[in-house]
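Please open the model in your viewer and follow the stops below in order.

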Amino acid sequence: MSQQLLEAPALSLPRLHVLRLGYLILGGGLVVYKWPLLFHHEHPWPLMDSVVECMLVAMSLLALLGLRYPVKMLPILLFEVAWKLIWLAAVALPLWLHHEMDPAARELAGEVLWVVVILAVIPWRYVCTDYLSRPGDRWR
């Protein structure tokens, strides 16, 4: 018995270019701000700082790969949106509601709020169809 699969809508060339812009902003921003820290950091490098910086450099490489494969690399943008929205909801919002945001938290929240750019470039109809409506891969 064959199962009819939902087809994700094809993305137009202009839509792919908008998506590429999102990858360029994410990947390029991380290249500018995080790569220098990878190569020029204080010794010894604090353990968690080193983990965060290395993960962000890796994310920048994958985001730049999204310039070539914008649809295939959508999970990178979804990860970026997910962690930033979770941080805003779980950390920044409670601090803000309790009037406990210090300057460092306020600065980080301002940086994280750039997620609105990524939210705007993601083709949400495609994501819903391809990731949520279509049957998943087989288990066996």
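Select Lys84 to begin: this residue is buried, because its relative accessibility is 11% (buried means under 20% relative accessible area, exposed over 50%, partly exposed in between, with a 1.4 Å probe and protein chains only). The model is predicted: local features need pLDDT of at least 70, side-chain atom pairs count only at pLDDT 80 or more, and totals for chains, interfaces and linings use all residues. Residues are numbered from 1 along each chain as its sequence is written, and side-chain values use heavy atoms, with hydrogens and water left out.

Now select Leu26. Its contacts, not counting residues up to four places away in sequence, include Glu80, Met59 and Ile118 (contact means heavy atoms within 4.5 Å).

Move to Lys34 and Glu53, whose side chains meet in another salt bridge, at 3.6 Å from N to O. Lys34 is partly exposed, with 21% relative accessibility, whereas Glu53 is buried at 10%.

Finish at Asp130 and Arg134. Their closest N and O atoms are 3.1 Å apart in a salt bridge. Which of these terms, buried or partly exposed, applies to Arg134? Arg134 is partly exposed, with a relative accessible area of 32%, while Asp130 is buried at 16%. The structure holds three salt bridges.

Note on methods: A salt bridge is a side-chain nitrogen of Lys or Arg within 4 Å of a carboxyl oxygen of Asp or Glu.
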